[in-house]
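Colleague: Could you walk me through this model? I have a few things to ask about it.

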Amino acid sequence: FEPSELELQKAKGEEWRHIIIGTLITFFCTVELHIIQLGEWAYMNQIDKEATSSFFGFAASFSKAAGVIFAFVFAFWAQRSGKLKGALLAGRVITLIACFLYICIEFVPGQRRFGLAVCYFLFGIGFSTSPLLRSYIAEMSSEENRSSAYSLTSAATIMSIIVGPIAQLTFKNVSYPGYEILPYIRLHIFSAPVWLALITNVIVILIILFLFVDVPTDYSDDSPKLVLSFSELKLQSRRLKDLKVPWILVALVLFEKCASTLTYASLSVIAGPMMTVIYSFTGEETVTVMAVCQIIVGLLAMSLSLAFIFCKLGKRISTQTLFLISKLIFVVGYILCYPWPGISQPLKVFNASTHTGCNPEEYEWCETEQGTPFLVFTIVMIIVMGLAIPSSTLSLDTIYSKILGNIDQNLMQALFGASENLMMVVGPIYAT
């Protein structure tokens, strides 16, 4: 039986409808993430003067560790229930709670850095459902359209990189402590974007409830429940072993994912402290500079994705070659932004009133070391974040999905996301 042309077009239309809905959810979730991440260090440094960059690094690692653990929890949930909707909704509700806590944290009497660490932990749980969305795209797209589907998802993610900073810059003139709009609720440069994140989170919940269509599964369990017992772990391990995949290639791609994530993990967590410690920027200045840089990053990355979608760059250059080019950009960028003697600048003197500059009580190397010139560091950061990292992510996502083939990819995508998060756990501690 051969399907008619009309049936083929209808099936293709349904396929792209599911892909677009999954991409839309990804977009709103990543907008939330980028809005929140921009001001994390600046806000912590502002409301708790005892916060150090090392504590910030540990808090960021704590958040990513939660992401590693709960990526598997949500994957088990999805597999046992045969549906993604419940796990996705749970992640969004947890993120909603974290947004409310983040908005109210400045009214905690003391030790606010620990309250922010709790918020980071909840954000880590909430955003750990992203592997399920990658799996959803893989399940809903044919192998012929897989690369285009991932390019569309990548473009949505990159668009969120632009939208998030623009939202942040909208409130750049609302300096801390801002305006009290309700009892114990203030609107300022650090809290206003989180209100936007909260709104986008509500939008995602509505999309999941009313538009999201679950991946059809054929699990025979009549009473699907999440049971994280030892026997359940053994069962899932056996399922992984029984999967017909080239495990050597899978291990190689997972290793490459870890290696390529380390630079991103380091840059994302040290950029804020570098702005305040080395370049002596205030919290408001740090957020503004990082927002402008991230907008340029987003525009560069968007240009790359559009080249894949409209110029068929994926047919002109192999994913392996693209990955190699991204690694070369990483290496050249590191060499250029190293603080070479003669071209670097002395570190800024510590200012106790603004809590900016290099504090010799915290860093013993303040009077002996030098810093990379600001323009050099920001240009390198923009190119690496805007070209190298998207190239690396797009190529590895495509390669990994094709290696796995037409299997239920929930657990394997969770493993892929966990390898990334593992470096996001190690990276912040190492970098800070």
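Colleague: Which helix holds Ser-63, and is Ser-63 buried or exposed?
Modeller: Happy to start there. This is a predicted model, where local features need pLDDT of at least 70, side-chain atom pairs count only at pLDDT 80 or more, and totals for chains, interfaces and linings use all residues. Residues are numbered from 1 along each chain as its sequence is written, and side-chain values use heavy atoms, with hydrogens and water left out. Ser-63 sits in H3, residues 53-81 (helices are DSSP runs of H or I, at least four residues, and strands are runs of E, at least two, numbered from the N terminus), and because its relative accessible area is 10%, against a limit of under 20% for buried, with exposed over 50% and partly exposed in between (1.4 Å probe, protein chains only), Ser-63 is buried.

Colleague: Which residues does Ser-63 touch, not counting those up to four places away in sequence?
Modeller: Contact means heavy atoms within 4.5 Å. With residues up to four places away in sequence left out, Ser-63 touches Tyr-120, Phe-121 and Gly-124.

Colleague: How do H4 and H8 run relative to each other?
Modeller: H4 (residues 85-104) and H8 (residues 192-210) have axes 9 Å apart and pack at an angle of about 160°. Axes here are lines fitted to C-alpha atoms over the stretch in contact, and angles run from 0 to 180 degrees between N-to-C directions. Angles over 145 degrees count as roughly antiparallel, under 35 as roughly parallel, 65 to 115 as roughly perpendicular and the rest as oblique. So H4 and H8 are roughly antiparallel.

Colleague: How many residues of the contact of H4 with H8 are nonpolar?
Modeller: Among the residues that meet are Leu-88, Leu-96 and Phe-100 in H4, and Trp-195, Leu-198 and Ile-205 in H8. Ala, Val, Leu, Ile, Met, Phe, Trp, Tyr, Cys and Pro count as nonpolar, Asp, Glu, Lys and Arg as charged, and the others, Gly among them, as polar. The contact has two charged residues, two polar and, to give your number, 16 nonpolar.

Colleague: What is the distance between the end C-alpha atoms of H4?
Modeller: The expected span is 1.5 Å times one less than the number of residues, so the 20 residues of H4 should span 28 Å. The model agrees, with the end C-alpha atoms apart by 29 Å.

Colleague: Where does Pro-390 lie, and how far is it from Leu-304 in space?
Modeller: Pro-390 belongs to H14, residues 374-404, and counts as buried because its relative accessibility is 11%. Pro-390 touches Leu-304, as well as Ala-301, Val-384 and Met-385, not counting residues up to four places away in sequence. Pro-390 and Leu-304 are 86 residues apart in sequence, yet their C-alpha to C-alpha distance is 8.0 Å.
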